Amino acid sequence: MTPEIDFFPTASLENLHLRARLLKAVRRFFDERGYLEVETPLISADATIDPNLSPFITRWIPAGASPDKGMEMYLQTSPEFAMKRLLAALHVPGGQADATAIYQITHAFRNGEFGRLHNPEFTLVEWYRTGDTCHEQMDEVQELVCTVGEESDQWEMADDKPFLRTSYREAFERYADFDPLSTETSKLPEIALSRGLTPPPGLAPGDRDGWLNFFLVELVESNLGRDCPQFLYDYPASQAALARIRPDDPLVAERFELYFHGVEICNGYHEETDPEELRRRIRAHGMEQHLTSRLLDAMEAGLPPCSGVALGFDRLVMLAAGALSLAEVMPFPFDRA
């Protein structure tokens, strides 16, 4: 048996060729639809306000200064903040309002995430278009996925067959047998016990979103997108992150995710554009240190109505290759970086 050589890539040459073809296909897709490709910083003074994401923290130390004089900076969990700042800048008086759609293919970083479907450093495709609703961006996602799928022998889809669309509430009622929007938080541990599920250590009885995410993973996700990609949409308002709350239903946020074979591929929002609402969410998450933010300044200047999507490119390649882990489609995952 040949010993494992850890300076070699974990991806096969065949999968690296597939990855390169898919990168070209993604770029071609957005270029042909009039999106402007942009690049934004990987290191920023602004940090995510999503409590479920943990950023890498570094320090910028001016030449000749002592380390304690440095400035705390963050490796970006996604280019979201900077891309929204660009959109806002393009639409202020004197801006270039014809640039209504932008995209980026970049690396992103999330601390503490490593496994079959996670790598601390990964490739993200993110895009925004002004005027779009969530459902219009779902249409765009389907077109992208079907177009990219044409580069794979493993993944055949009919681009004229709509992907399934199921609300968060419908999925829970079908696969977990309870309403996630109306069931009292105090009942959630009892539901887990009745299903024979053991919650992770540290999951507090009153952590509603923690329990819902637990049930999503344990009871719902594996049923999503089994034979056809499936959108899950209208998430609980408490999980809005930077998505808009639906005006006609304050219980849900205009947010969606796409699943195929039980794997989440992307996350999309009808974006929240009100800076005061974002400040309220920052305070609600106990993250007051982030109330000073260039994104908030840009929103004050005027972020136009828009929808955006962040798509995990490595997962897309994994599915297109018929692989079981990200390590099979990226050259050097975290344990070989």
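How many aromatic pairs does a search of the whole structure find? In this predicted model, the search turns up 15 aromatic pairs. One of them joins Phe 29 and Phe 30: their ring centres are 5.2 Å apart and their planes stand at 90°, so this pair is edge-to-face. Phe 29 has 2% relative accessibility and therefore counts as buried. Phe 30 is buried as well, with a relative accessible area of 0%.

Now look at Phe 231 and Phe 256. With ring centres 5.6 Å apart and planes at 85°, the pair is edge-to-face. It links distant parts of the chain, since Phe 231 belongs to strand S8 (residues 230–236) and Phe 256 to strand S9 (residues 252–260), 25 residues apart. Both Phe 231 and Phe 256 are buried.

Next comes a group of rings. Tyr 168, Phe 172, Phe 178, Trp 211, Phe 214, Phe 215 and Tyr 235 make up one aromatic cluster. Over the ring of Tyr 235 sits the charged end of Arg 255, 4.2 Å from the ring centre.

Let us finish with some open space. The second largest pocket holds about 240 Å³. Its lining has 15 residues, and the closest to the pocket centre are His 107, Asn 119, Glu 121, Met 330 and Phe 332. Strand S5 (101–109) and strand S6 (121–130) each contribute at least two lining residues, and S6 gives the largest share, with three. Sorted by class, the lining of this pocket has nine nonpolar, three polar and three charged residues.

How values were computed: Residues numbered from 1 in each chain as written. Predicted model: local features only at pLDDT ≥ 70, side-chain atom pairs only at ≥ 80, totals over all residues. Heavy atoms only, no water. Phe/Tyr/Trp six-rings, centres within 6.5 Å; stacked < 30°, edge-to-face > 60°. Buried < 20%, exposed > 50% of the residue type's maximum accessible area, 1.4 Å probe, protein only. Helix = DSSP H or I, 4+ residues; strand = E, 2+ residues; numbered from the N terminus. Lys NZ or Arg CZ within 6 Å of the ring centre and 35° of its normal. 1 Å grid on protein atoms, 1.4 Å probe; cavity = no way out; pocket = protein on both sides within 12 Å on 5 of 7 lines; lining within 4 Å. Points joined across faces, edges and corners; volume = space filled by probe spheres on them. Nonpolar A, V, L, I, M, F, W, Y, C, P; charged D, E, K, R; others polar.
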